[in-house]
Amino acid sequence: MSATHPGINRIDGKKTAAALRERIAGHVARLKADHGLTPGLAVVIVGEDPASQVYVRNKVKQTGEAGMNSLHFALPADTPEADLLAKIAELNADETVHGILVQLPLPGHIDANKVIDTIDPAKDVDGFHVVNAGRLATGTGGLIPCTPRGCLMLLKQTVGDLSGKRAIIVGRSNIVGKPMAQLLLGENATVTIAHSRTADLADEVARADIVVAAVGRAHLIKGDWIKPGATVIDVGMNRVDAPEKGPGKTRLVGDVDYEAAAAHAGAITPVPGGVGPMTIACLLANTLVAACRQAGLEDPRL
Ligand SMILES: Nc1nc(=O)c2c([nH]1)NC[C@@H]1CN(c3ccc(C(=O)N[C@@H](CCC(=O)O)C(=O)O)cc3)C=[N+]21
Ligand SMILES: [Mg+2]
């Protein structure tokens, strides 16, 4: 099908994310008008990773467009761990800050787990704190990690009811794989988590109605592994050399061989333009949810 109609089964994450941001902006406008409340997101970045800076710039821009306050703290790469923890304590105590995101990865001398566990779970808009991980695992609320939340929105929009579907997640990170598994279990899918030690990965993937690829290895998932009609969500963002674009140029590719997989899949997310924009939109959604909860208001219906 996709050979004759290229792109017909492409899941447009950029468009879905823009629509979600519009709904968020509507809620933010009402919060301001009815309660005098403006959600605030604080982003803390340590060091100068250029890829991170692009991401941070997008976040700051879209936070502003949604009508939220955006605070940005750029700390030098050699910032002592204690100083970062003190900064987080200050933001925890700041009533105008409803969400706190500390950009990962952090420089090697800083213990990322210690940093995450210092963030007030109510302000942990990444959903990385153990309290939020535990809340998700037990189905008792909390803030849900942005990338899995965005993936689930795309899946529900594409597939509808996920009940009884066979889902495979390739990758077992705390940031994507594990929370994604919890979310899919919550939707009554039958969930497999595969990883670098999984035997016969191709056979495992071939059984799945839903494939979520989150390993961080360019084109690890081959097109002919995909069950005909399956839905493929590609979380991977791998920079590879692109000599065809010129000397020293790179391009972004997913964990799935898109062109080949699109020939089998019922629907598939591209990279870029798939999961990435949803991650940022869900960060704004979490900031809105966190602000509502901190003000004692009901969760917004997004
Ligand atoms: N505490 C923390 N939380 C994060 O959520 C987090 C983080 N640290 N560290 C870095 C990674 C990376 N990340 C991205 C999200 C969206 C895009 C994105 O929107 N990408 C676009 C454009 C990419 C491009 O063209 O460069 C796309 O896929 O279409 C990229 C990268 C969030 N991360
Ligand atoms: Mg084939």
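**Domains, ligand shell and strand order in a predicted model**

Q: What makes the shell around ligand 1 a matter of domain 1 (35-141) and domain 2 (146-278)?
A: In this predicted model, at least three residues of the shell come from each of domain 1 (35-141) and domain 2 (146-278).

Q: Which residues come nearest to ligand 1, and how many residues are around it?
A: There are 19 residues around ligand 1, and Tyr-55, Leu-104, Pro-272, Gly-276 and Thr-279 come nearest. The elements that give two or more residues to this shell are α2 (50-65), β3 and α10.

Q: What is the make-up of the shell around ligand 1 by class?
A: The shell has 12 nonpolar, 6 polar and 1 charged residues.

Q: How many residues of domain 1 and of domain 2 are in contact, and what is the separation of the domain centres?
A: The contact involves 7 residues of domain 1 and 6 residues of domain 2. On the side of domain 1 that touches domain 2, the residues divide into 4 nonpolar, 2 polar and 1 charged. The centres of the two domains, taken over C-alpha atoms, are separated by 26 Å.

Q: Which features does UniProt list at residues 11-126 and at residues 145-294?
A: An unreviewed UniProt entry places "domain: Tetrahydrofolate dehydrogenase/cyclohydrolase catalytic" at residues 11-126. Over that range the chain is 51% helix and 16% strand, with end C-alpha atoms 24 Å apart. For residues 145-294, the unreviewed entry lists "domain: Tetrahydrofolate dehydrogenase/cyclohydrolase NAD(P)-binding". There the chain is 37% helix and 19% strand, and the end C-alpha atoms are 18 Å apart.

Q: Why are β5 and β10 called edge strands?
A: The open sheet has 5 strands in the order β5-β4-β6-β7-β10, with parallel pairing. β5 and β10 each have a single partner strand, so one side of each is left without a neighbour in the sheet.

Q: How do you know that β6 is paired with β4 and with β7?
A: Pairing requires at least two bridges between strands. Strand β4 (residues 166-170) and β6 share 4 bridges in the parallel sense, and Ala-213 of β6 is the bridge partner of Val-170. β6 and strand β7 (residues 231-234) likewise pair in the parallel sense over 4 bridges, and Ile-233 of β7 is the bridge partner of Val-212.

Q: Which way do the residues of strand β6 (residues 210-213) point, and are they buried or exposed?
A: Ile-210 and Val-212 point one way, Val-211 and Ala-213 point the other way, and all are buried. In a regular strand the side chains alternate between the two faces of the sheet.

Q: What makes His-219 partly exposed?
A: His-219, in the loop between β6 and β7, has 19 other C-beta atoms within 10 Å. A buried residue needs 20 or more and an exposed one has 12 or fewer, so His-219 falls in between and is partly exposed.

Q: Which residues does a cis peptide bond join, and what is omega?
A: A cis bond joins Leu-104 and Pro-105, with omega about -5 degrees. Pro-105 lies in the loop between β3 (99-102) and α4 (112-118). The bond from Val-271 to Pro-272 is cis as well, with omega near -5 degrees. Pro-272 is placed in the loop between β10 (267-268) and α10 (275-294). Leu-104 and Pro-272 are also among the residues that come nearest to ligand 1.

How values were computed. Residues numbered from 1 in each chain as written. Chains lettered and ligands numbered in written order. Predicted model: local features only at pLDDT ≥ 70, side-chain atom pairs only at ≥ 80, totals over all residues. UniProt positions renumbered as here; feature names shortened; annotations may be inferred. Near = placed C-beta within 6 Å. Nonpolar A, V, L, I, M, F, W, Y, C, P; charged D, E, K, R; others polar. Domains from an automatic or database assignment. Contact = placed C-beta atoms within 7 Å.
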